[in-house]
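Please read it alongside the coordinates.

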Amino acid sequence: MSAAEYVPPAGGIAELRAAAQDCHGCELWEPATQTVFGAGSPGAKILLVGEQPGDAEDQRGLPFVGPAGKVLQKGLDEAGADRSMLYVTNAVKHFRFTWQGKRRLHQTPDAGNVNACRPWLEAEIARVDPELVVVLGATAGKSLLGSGFRVTKERGVVQERDTPAGRRRVLATIHPSAILRMDADVRDQGYADFVADLRTAVAAVS
Ligand code: URA
Ligand code: SF4
């Protein structure tokens, strides 16, 4: 299983996005509505990587437009990130879910899906060529930094890492969905820590 054969060897983000619509690199394309490719500024200084599209993203064809996206957008605004500096994408480009009655329940993509979809993520990073990559949560971290990645250990610190664009700065933080799942008594602190990490990211490219 791999997306590699679908990734065009040349062209920019628009060409990648168009080609990804026809990707059958793993089984997730079939039950999903559409490929949800990355979006934002093709010349972004900061490229953010989430896990996979959710229900809302699957229907609209854009990343981070559902509840987690609202948290992310609010955090980025508070951190002083300008839209023109951002490109947002996911480790996996199709929504993985199970049916529960009439509802589609999010299922974490497995290593096979993450590995199959990585060529798209690598191509995005190479072609956007950002100054800094922000890893949102464990799935993105494992895809880009290896299976030993632990968000609790590595969050909030700017690291130098090999990326598909070359040696670049990388900063990990928690996934905005994790904030939504926190108990009410710790959620405000969880969100504040998230915004502090995003501020570190913005400061690193300013
Ligand atoms: N969660 C993600 O990781 N990505 C999205 O695009 C939406 C929710
Ligand atoms: Fe292709 Fe990724 Fe979708 Fe799998 S999840 S079909 S590899 S775009």
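The shell around ligand 1 divides into 4 nonpolar, 7 polar and 2 charged residues. This is a predicted model. Around ligand 1 there are 13 residues. Those that come nearest are G50, E51, G54, P63 and A68.

Ligand 2 has 16 residues around it. Here C23, G25, C26, H94 and C117 come nearest. By class, this shell holds 10 nonpolar, 5 polar and 1 charged residues. Which helix gives the most to the shell around ligand 2? Helix 4, residues 111-128, does, with 4 residues.

The class make-up of each shell is set out below.

| Shell | Nonpolar | Polar | Charged |
|---|---|---|---|
| Ligand 2 | 10 residues | 5 residues | 1 residue |

Helix 4 also has a packing partner. The buried residues of helix 1 pack against helix 4. Helix 1 spans residues 13-20, and its buried residues are I13, L16, R17 and A20. These residues lie on the same side of helix 1, because they cover an arc of only 100° around the axis.

Now the confidence scores. The protein chain averages a pLDDT of 98. At least 70 is the score of 100% of the residues. For the model, ipTM is 0.97 and pTM is 0.98. Where pLDDT is low, predicted coordinates should not be read in detail.

Technical notes
Residues numbered from 1 in each chain as written. Chains lettered and ligands numbered in written order. Predicted model: local features only at pLDDT ≥ 70, side-chain atom pairs only at ≥ 80, totals over all residues. Near = placed C-beta within 6 Å. Nonpolar A, V, L, I, M, F, W, Y, C, P; charged D, E, K, R; others polar. Helix = DSSP H or I, 4+ residues; strand = E, 2+ residues; numbered from the N terminus. pLDDT = per-residue confidence, 0-100. Buried ≥ 20, exposed ≤ 12 C-beta atoms within 10 Å, placed from the backbone. Arc of directions from axis to C-beta. Contact = placed C-beta atoms within 7 Å.
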